[in-house]
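Thank you all for making the time this morning. I would like to walk through one model, moving from the overall fold to a few individual side chains.

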Amino acid sequence: MFNYKLRKENNFQYTDLTVPKVKNFFKEILNKLMQMDISILNLLEQKGLLQNRPFSYKNAEDRESKLFKVASTQQRPLNAVELASMFGSFQCNNVGLALCTAFSDVAKGEDTKSFLEDGTKLSYHQVDVLSEIYRENGVPTTTGLEAHVYKVNKSPFSDKLMANLIMFLNPIGIGNLQTAVVSSYKKSHVKRLKELIDQVESYSEQGFKLLVRKNWLNEPPVANRSIDN
């Protein structure tokens, strides 16, 4: 992306130049940037991280009334962009897993403790699903952060603060998953990612009800109006 922006800027400057010596200078820079882009693309292709020819183009008479042959796009490995888009969600769940594990050990209220334990289970599940997608594409994943959690006798935070901290992570997790969804063309992965989004939304609703029940959050007012009035 940086190469693209720099090359674009140099192109604008290059086309407006009239002094041959200066113009040749910018021409040389453009050539070097293009060579760098080619080298990066070749490296990604060698590592199998580049989506190469996602569509199979054929002559009109061979298409069998179909504009594109897209079956190959559903069987190919994920490219670097798709994997990178999922990594934010993967790391967010690792953080959530560590926090829920730590907080559930020191929570005083049973309902708060249950909410945090459910968060641990959800994070475990999401990390497992995302790790499986990475393994299917031949990419190793990092280990979780829960191994760095130590047991303590006294909670450093109140139940209210701990529950709210976990609730703050939920929209971040949903946003990361949505980014992964719009970055992928593989139906199987999109379906799995959407299921993960539904799970986080359900968990968020559970947390919202807990906060309202504990008077840690004011429930938004609901209009009670009739169509007949």
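Among contacts in the protein chain between residues at least 6 apart in sequence, what percentage join residues at least 24 apart? The figure is 71%, where contact means heavy atoms within 4.5 Å. Before I go further, please keep in mind that this is a predicted model, in which local features need pLDDT of at least 70 and side-chain atom pairs count only at pLDDT 80 or more, while totals for chains, interfaces and linings use all residues. Residues are numbered from 1 along each chain as its sequence is written, and side-chain values use heavy atoms, with hydrogens and water left out.

Let me begin with the overall picture. The protein chain has seven helices and zero strands, so that from the N terminus on its elements read α-α-α-α-α-α-α, where helices (H or I, at least four residues) and strands (E, at least two) are DSSP runs, numbered from the N terminus. Of its 229 residues, 31% count as buried, and here buried means under 20% relative accessible area, exposed means over 50%, and partly exposed is in between, with a 1.4 Å probe and protein chains only.

Now to the interior. By a nonpolar core I mean a set of buried Ala, Val, Leu, Ile, Met, Phe, Trp, Tyr and Cys residues joined through side-chain atoms within 4.5 Å. The largest one has 18 residues, and those touching the most other members are Met 86, Leu 130, Leu 177, Leu 193 and Leu 196. Two or more residues of this core come from each of α4 (80-106), α5 (110-136), α6 (159-183) and α7 (187-213). Apart from it there is another core, of 14 residues, which include Ala 107, Phe 115, Ile 166 and Tyr 203. Returning to Met 86, and setting aside its neighbours within four places in sequence, we find it in contact with Leu 78, Leu 130, Ile 133, Tyr 134, Ala 180 and Leu 193.

How do the helices pack? Two packed helices are described by the angle between their axes and the distance between the axes. For α5 and α7, the axes come within 11 Å and cross at roughly 170 degrees, the axes being lines fitted to C-alpha atoms, for helices over the stretch in contact, with angles that run from 0 to 180 degrees between N-to-C directions. That makes α5 roughly antiparallel to α7, since angles under 35 degrees count as roughly parallel, over 145 as roughly antiparallel, 65 to 115 as roughly perpendicular and the rest as oblique. By class, this contact of α5 with α7 has eleven nonpolar, eight polar and six charged residues, with Ala, Val, Leu, Ile, Met, Phe, Trp, Tyr, Cys and Pro counted as nonpolar, Asp, Glu, Lys and Arg as charged, and the others, Gly among them, as polar.

Next, a pair from α4 and α5. Phe 90 lies in helix α4 and counts as buried at 1% relative accessibility, while Ser 131 sits in helix α5 and counts as buried at 6%. They are 41 residues apart along the chain, yet their C-alpha atoms are separated by 7.9 Å. Beyond four places in sequence, Phe 90 is in contact with Val 127, Leu 130, Ser 131, Thr 141 and Thr 142, and Ser 131 is in contact with Phe 90 and Thr 141.

Two further serines deserve a look. Which side chain makes a polar contact with that of Ser 183? The partner is Ser 85, at 3.0 Å, a polar contact being a pair of N or O atoms within 3.5 Å; within protein, one must be able to donate a hydrogen and the other to accept it, and residues adjacent in sequence count only if both atoms are side-chain atoms. Ser 183 belongs to helix α6 and counts as buried at 18% relative accessibility. Ser 204, in helix α7, counts as buried at 17%, and its side chain is joined to that of Asn 170 by a polar contact of 3.2 Å.

Finally, Asn 215, in the segment after α7, is exposed, with a relative accessible area of 67%, and has a positive phi of about 60 degrees although it is not a glycine.
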